[in-house]
Amino acid sequence: MTVSARLRPVHAATAEPPLRRLGYFLVRRRRLVLTLALLGLIAAGVLAAGAVPRLSLARFEAPGSESDRAQAELVERFDTGNPDMIFLVTAKSGTVDDPAVEAAGRELTARIGDEADVAEADSYWTRGRPATMRSEDGRHALIVVRIPGDADHVRA
C-alpha cells in the first residue's frame, strides 16, 4: 500500500509575514485607510459629545461605605473634609521656614481662603508647621483647599 501526498506550492503572498502584508495593504490603500480613520474619528466625536455632562466625578465613593460615613462625620462634627485642591509652594531661595517665604505663604493662604466658593484653606504655616506638609529639603510646602459640595459641584 502506498500513500501519496499532494504538496501545494507556496505562493509569494502567503509566504510573507502577516504584518508585512498588512503594511503593503495599508500603503496601497492609504487614501481609503485615512478616509475611514477620519470618518471613525468624526463618528466617535458625535457619539461622545453628549456624554461629558452626564458623567459623574464621584469616583469610588460607595454610598454607605465606611469611608463615606467617615466623610459625613467629618463634615457634620468638624465642618471639614478631604481637600479638593492642593497647591505646592516652592521657595525661590532658602527654605519655606524663612520669614519672607512664610509671610508670602500665609498671605496666599488667606487670599485663597477669601475666595467665594472656598470653605477652608490651610497651609503648612497656618497649621503649626506639620512635617507632613513640608518637603524633606524644606524647599516646598503645601496649601490645602476644601470646596463644599460633591465632586460634580467642585468641578463646576
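Guide: Let's go label by label, setting each value against its definition.

Guide: First, this is a predicted model, where local features need pLDDT of at least 70, side-chain atom pairs count only at pLDDT 80 or more, and totals for chains, interfaces and linings use all residues. Residues are numbered from 1 along each chain as its sequence is written, and side-chain values use heavy atoms, with hydrogens and water left out.

Visitor: How many helices and strands are there, and what makes a stretch count as one?

Guide: The protein chain has six helices and three strands. Both are DSSP runs numbered from the N terminus: a helix is H or I with at least four residues, a strand is E with at least two. Starting at the N terminus, the order is α-α-α-α-β-α-β-β-α. Helix α5, for instance, spans residues 99–113, and strand β2 spans residues 120–123.

Visitor: Ser123 sits in β2. Is Ser123 called buried or exposed, and why?

Guide: Buried means under 20% relative accessible area, exposed means over 50%, and partly exposed is in between, using a 1.4 Å probe and protein chains only. Ser123 has 0%, so it is buried. Across the protein chain, buried residues make up 17% of the 156 residues.

Visitor: And what is Ala104 called?

Guide: Ala104, in helix α5, has 44%, which falls between the two cut-offs, so it is partly exposed. Its C-alpha atom is 10.0 Å from that of Trp125, 21 residues away along the chain.

Visitor: Which other residues does Ser123 touch?

Guide: Contact means heavy atoms within 4.5 Å. Leaving aside neighbours within four places in sequence, Ser123 is in contact with Thr109, Met133, Leu142 and Ile143.

Visitor: Why are Tyr124 and Trp125 called an edge-to-face pair?

Guide: Rings of Phe, Tyr and Trp (its six-membered ring) pair if their centres lie within 6.5 Å; planes under 30 degrees apart are stacked, over 60 edge-to-face, and the rest tilted. The structure holds one aromatic pair. Tyr124 and Trp125 are 5.7 Å apart centre to centre, with 80° between the planes, so they pass both tests. Tyr124 and Trp125 are also both buried.

Visitor: What makes a group of residues a nonpolar core?

Guide: A nonpolar core is a set of buried Ala, Val, Leu, Ile, Met, Phe, Trp, Tyr and Cys residues joined through side-chain atoms within 4.5 Å. The largest one here has 15 residues, and Val96, Tyr124, Trp125, Ile143 and Val145 touch the most other members. Helix α5 and strand β3 (140–146) each supply at least two residues of this core, with β3 giving the most, four residues. In soluble globular proteins, nonpolar side chains tend to be buried together.

Visitor: How do you know that Glu73 and Arg77 form a salt bridge?

Guide: A salt bridge is a side-chain nitrogen of Lys or Arg within 4 Å of a carboxyl oxygen of Asp or Glu. Glu73 and Arg77 come to 2.8 Å, N to O, so the pair qualifies. They are four residues apart in helix α4 (residues 66–78), so about one helical turn separates them. Glu73 is partly exposed at 34%, while Arg77 is exposed at 61%.

Visitor: How many salt bridges does the structure hold?

Guide: There are seven. One of them joins Glu102 and Arg106, with the closest N and O atoms 3.1 Å apart. Glu102 counts as buried at 16%, and Arg106 as partly exposed at 37%. Both belong to a network of salt bridges that also links Asp97, Arg129 and Arg134.

Visitor: Where do Arg146 and Glu120 lie?

Guide: Arg146 forms a salt bridge with Glu120, their closest N and O atoms being 3.1 Å apart. Arg146 lies in strand β3 and Glu120 in strand β2, so the pair ties together parts that are 26 residues apart in sequence. At 9%, Arg146 counts as buried.
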